[in-house]
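Here are my notes for you to read alongside the model. Take them one point at a time, with the structure open next to you.

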Amino acid sequence: MIESYAKWLVAHPVRMILVSILAVLILAGGTARLAMDQDYRVFFSEEFPPLEALDNLHDTYNKNDNVLMVLAWDEGGVFTSHHLRQVMEATREAWKIPFSTRVESITNHQYTYASGDDLVVDDMVRAPDELDPAALVELRRRATSDPLLAGRLVGRDGQVAGINVLIELPGSSDDEAGTVMAHTRELVSSLEAQYSGLKVYLTGIIPMNHAFPEATMADMSSLVPLMYLVIVVLIGGFLRSFWGTVGALFMITFSVLVALGLSGYLGMPITPPSASTPTMIMTLALADSVHFLTYMFRQMRLGADRRNAVIESLKANFQPMLLTSLAAAIGFLTMNLSESPPFRDLGNITVFGVMAAFLLSVGFLPALMCVAPVRGRVGHAWLDRAVDRIADTVVTHRNAFFIGGAGAVIVLGSFIPSIQLNDEWLEYFDESFTFRTDTEFAAKHLTGIYTIEYSLPAKDSGGITDPEYLQHLAAFAQWWRSQQPKVRHVSVLSDMLKRINMNLHGDRADYYRLPDDPQLAAQYLMVYEMSLPFGHDLSTLIDIDKSATRLVVSLDTVSTVELKRIEKEAAEWLVENAPLYMFSQGTSPTVMFAHISQRNIRQMLSATTIALVAVSIVLIYALRSIKLGAVSLVPNLAPAILGFGAWSLLVGEVGLATSIVAAMTIGIVIDDTVHFLSKYRRARTILGKDPESAVRYAFSTVGTAMLVTTTVLVAGFLVLSQSTFEMNAGMGLLTALILAIALVADFTLLPALLMWLENRQTLSITEGRYDPFNLEDKKT
Amino acid sequence: MKAQIWVLGLALALIAGSAQATREEEGRRIALEMDRVESGYGDYRASVEMTLRDRKGRESRRYMRFLTKETHGDGDKSIVVFKQPRDIKGVTALTYSHKTDPDDQWLYLPKLRRVKRISSANQSGPFVGSEFAYEDIGSQEPEKYTYRYLDQGVHEDNPCHLIERFPVNPDSGYSKQVVWVEVERMIPWRIDYYDRKGELLKTLKNSGYQLYQQRFWRPDRKEMVNYQAGKSTLIEYSDYAFSTNLSDQDLSVSALKRSR
């Protein structure tokens with residue numbers, strides 16, 4: 001059947017080329033519909049409990065989307081007339097940022113004080129030019145000691161000022177975050193141009209959201225060209241054929257276009273993880289074309305004419321390519337079990353690409369080779385010699401390799417449990433992102449960028465002014481503040497009530513405490529609320545029913561482990577000290593990223609198991625041997641164990657992206673195992689060789705091809721490791737590591753294991769009759 | 001009624017062709033007419049139920065009583081007495097609105113037994129956590145805005161003038177408002193509020209207009225929807241009583257402390 005297809009193909013190559021190009025163009029049309037998702041929330045599925053909690057909190061109060069502008073000066077700090085005027089000007093201008101709903105800064109902060117018997121609520125700074133040095137000193141003292149301001153809108157050392165702009169994106173048009181960022185950046189550059197010595201740093205949820213598509217763009221624009229360069233060098237170097245390289249380039253490009261086009265038609269958003277798919281697809285497609293082209297060129301070197309070489313290569317490669325593509329697809333399909341939707345998309349898009357690459361390698365590429373003026377070239381004899389030397393070494397020192405391999409698996413595997421989970425979203429972006437450096441500046445000089453938010457319920461409607469509630473609220477805030485130096489700021493209603501109580505008692509410091517009567521507290525709150533101007537109301541802090549308040553903790557850039565520990569302690573504190581009705585779990589983007597890896601890893605463990613079982617079934621079918629299928633588990637599993645063990649020693653941390661690598665690589669590493677085992681089996685059953693000779697035979701027939709394809713795969717994933725987006729870089733590096741280890745395992749551990757098992761006569765594979773891989777002996 | 005129709009006719013004639021009338025004058029004319037139609041009631045009292053809704057549709061209610069008295073040559077005087085929730089029962093707000101100066105406002109706190117003056121610059125904030133700013137429910141003196149005639153439109157089968165008005169007070173939370181004034185009765189049906197950067201922030205819709213004293217049209221319901229916050233507030237009026245002989249004494253700071 002394959003033969004008749006191959007014969008038809010070489011008879012009608014132009015037809016196949018045209019049909020392929022037409023199909024690719026139609027499918028590629030979907031790329032026009034690709035849209036980048038601009039929200040960190042895309043990493044979480046709707047069912048993720050912390051996301052539900054956060055949505056609920058945002059529906060009750062307001063969404064916490066914001067832009068935080070941090071103003072810093074060469075010298076002088078915040079408290080000079082000039083600099084305060086600049087803060088005031090920037091505050092006024094910030095109101096013009098699209099979708100802004102409130103702007104908070106030290107100048108428009110609603111400062112409360114007593115004037116006679118009245119409560120005065122007014123902008124903290126109204127006329128900065130009129131402030132004399134003494135007034136500036138006093139202002140500085142008040143601001144840097146005010147729990148509502150210090151560590152949030154003004155640095156505790158008085159050197160930087162923050163302008164916090166709350167943004168409510170309507171979500172009705174594309175690129176709203178981009179519009180906000182464009183306007184804000186324009187504002188920043190005009191401020192910096194206007195005031196020399198002023199530098200403005202940007203951070204917050206909106207800049208973070210915007211950094212994701214920026215990471216996507218950076219990956220698309222730097223990694224894809226790099227990948228093309230790698231392809232030209234590798235394919236050109238191995239094949240030494242101009243037209244072969246051209247054909248591979250076309251086929252790879254088409255595969256990516258088809259995959260992206262399909263995802264566009266299906267409405268999958270482009271996220272930084274799914275932006276890594278072009279690089280992955282190119283890598284996997286390249287491996288397919290290497291299989292087809294090396295075999296074809298070998299046939300031509302052996303004297304076959306071009307068309308016959310194409311037919312022979314198709315016959316020899318059709319089934320193995322189908323099986324390895326299926327196996328890779330299985331591995332990537334298990335990504336659908338991931339907790340995080342972008343990784344499901346990554347898996348599916350790659351599956352499209354892998355299947356497209358298979359169809360193109362058995363359709364378009366052979367057809368193109370029929371019409372292009374390709375010539376057979378000399379092979380790489382030194383490579384073959386090197387592979388044969390490896391075979392000699394492995395056969396001679398098989399016990400050492402077997403014990404060494406098994407020992408390495410046990411030793412490195414024992415380090416896996418010490419891997420820490422870490423998903424600090426700031427570290428997803430490397431230092432080439434201004435978002436990263438600006439955020440680090442803000443975290444160093446102004447406030448914590450990692451947050452935990454609580455909505456703490458009171459007993460009933462209006463219950464937030466109940467003294468019991470307020471006392472525990474204040475105590476909880478105090479508990480957080482005592483977690484130094486990790487906690488930078490706590491925003492809580494009790495601070496405001498204490499202050500108003502003091503203000504309404506003639507600013508007497510001994511009244512800086514909570515009112516002990518619920519009605520009194522409610523009425524204080526009402527005076528305060530009635531005195532607040534537009535954009536300063538308490539709706540971000542109190543729900544409409546006055547039955548819950550929000551508490552926001554700003555933390556230093558702590559590790560995920562640390563964050564989870566402190567979050568757990570906070571929950572325990574609430575259980576032990578606060579009334580039952582007040583209990584609530586903290587949530588925030590930081591908390592969500594901290595918890596997603598753990599859930600994801602649980603799901604990826606089952607994904608890995610499924611991939612392993614499915615891939616083993618494919619192998620058992622391919623090799624027609626349950627025993628060999630069982631043996632193949634070793635070289636398929638060992639690389640992941642060795643890879644993660646080495647990763648534990650070298651890096652020590654895995655995150656959301658690296659946690660999917662095990663399931664993903666299983667479908668890829670099978671490639672080498674299949675080729676090696678099928679040759680070994682052929683030598684044992686058909687050629688009647690003993691185990692040692694069979695190992696040598698396997699090495700000499702497919703060793704070079706394995707070396708070449710693995711090099712291609714490792715190089716491709718190393719390209720991905722150059723991503724500026726840490727998720728992709730880590731994923732690329734760990735995958736490359738595992739694939740390299742897989743080749744070593746297939747060259748050492750697998751043959752050593754085969755010889756050991758057969759000599760102990762626990763394995764007998766001489767029954768059976770059929771070699772579906774049908775790979776011809778290269779020496780025939 | 002005859003006078004209204006006459007003025008209306010004049011207004012329409014002006015829209016139709018008068019080269020003299022600018023859009024600014026036209027807008028102001030309609031605002032003055034709207035004020036004229038609304039004025040002259042002397043005083044009134046009404047009970048108010050306020051329903052706040054958040055993004056999730058959860059509701060919270062406040063109950064209060066409004067007392068308002070017209071003043072010759074200046075803005076209205078008004079009192080809001082809070083009835084529920086219980087912890088703010090008896091809290092009373094007194095407002096003297098002025099034509100151009102910022103309004104004067106005092107709050108009586110029964111628990112503290114004190115009257116507190118509210119900062120004058122801060123009338124743009126929300127009224128008891130609702131989507132109504134104080135400036136939305138306070139007295140709408142024509143002098144508080146400048147005007148521009150915009151267009152004609154239809155609100156629920158009622159032909160309307162659309163006029164833009166721009167707050168004079170620099171502390172206002174709005175850059176402009178678009179008021180839909182019914183052509184026939186010169187009553188407002190709808191107001192669109194634009195925030196300081198010119199984006200649509202809220203829409204107020206009046207409904208259930210009823211005629212009192214054969215002269216005064218008052219809505220039973222006012223619903224404010226805040227698009228940016230995703231929240232809304234409904235105000236429902238009941239027990240309207242006109243000409244109840246409210247005296248200036250009843251609407252004074254010293255009267256605030258008297259229990260109600």
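1. Helices (H or I, at least four residues) and strands (E, at least two) are DSSP runs, numbered from the N terminus. Now try it on chain B: B:Tyr149 sits opposite B:Ile163 in E8(B).

2. A word on what you're looking at. This is a predicted model, where local features need pLDDT of at least 70 and side-chain atom pairs count only at pLDDT 80 or more, while totals for chains, interfaces and linings use all residues. Residues are numbered from 1 along each chain as its sequence is written, and chains are lettered from A and ligands numbered from 1 in the order in which they are written.

3. Stay with chain B for the hairpins. Strand E7 (residues 145–155) and strand E8 (residues 158–167) of chain B pair antiparallel over ten bridges. They form a hairpin with two residues between them, and B:Glu156 in the turn has a positive phi of about 45 degrees. Next, E8(B) pairs with strand E9 (residues 174–182) of chain B, again antiparallel, over six bridges. Here B:Leu162 has B:Trp180 as its bridge partner, and the hairpin of E8(B) and E9(B) has six residues between the strands.

4. Over to chain A, which has an open sheet of four strands in the order E2-E5-E1-E6, with antiparallel pairing. Which strands are at the edges? They are strand E2 (100–104) and strand E6 (198–203) of chain A, each pairing on one side only. Neighbouring strands of this sheet are turned by 20 degrees against each other on average, direction ignored. (Axes are lines fitted to C-alpha atoms, for helices over the stretch in contact, and angles run from 0 to 180 degrees between N-to-C directions.)

5. Now the helices of chain A. Helix H9 (residues 277–301) and helix H23 (residues 691–720) of chain A pack at about 165 degrees, with axes 9 Å apart. H9(A) and H23(A) are therefore roughly antiparallel (angles under 35 degrees count as roughly parallel, over 145 as roughly antiparallel, 65 to 115 as roughly perpendicular and the rest as oblique). Who meets whom? Residues of H9(A) including A:Met282, A:Leu286 and A:Val290 meet residues of H23(A), among them A:Val708, A:Val712 and A:Phe717. (Two residues are in contact if their C-beta atoms, placed from the backbone, lie within 7 Å.) By class, this contact of H9(A) with H23(A) has twelve nonpolar, six polar and no charged residues. (Ala, Val, Leu, Ile, Met, Phe, Trp, Tyr, Cys and Pro count as nonpolar, Asp, Glu, Lys and Arg as charged, and the others, Gly among them, as polar.)

6. H9(A) also packs with helix H7 (residues 205–239) of chain A, at an angle of about 15 degrees and with axes 11 Å apart. That angle makes H7(A) roughly parallel to H9(A). From H7(A), A:Leu223, A:Met227 and A:Ile231 are among the residues that meet H9(A), whose side includes A:Pro278, A:Leu293 and A:Phe297. The contact of H7(A) with H9(A) has ten nonpolar residues, one polar and no charged.

7. Last, how do the chains meet? The contact takes 33 residues from chain B and 37 from chain A. On the side of chain B that touches chain A, the largest share, three residues, comes from E6(B). By class, that side of chain B has 13 nonpolar, eight polar and twelve charged residues.

Note on methods. Two strands pair if DSSP finds at least two bridges between them.
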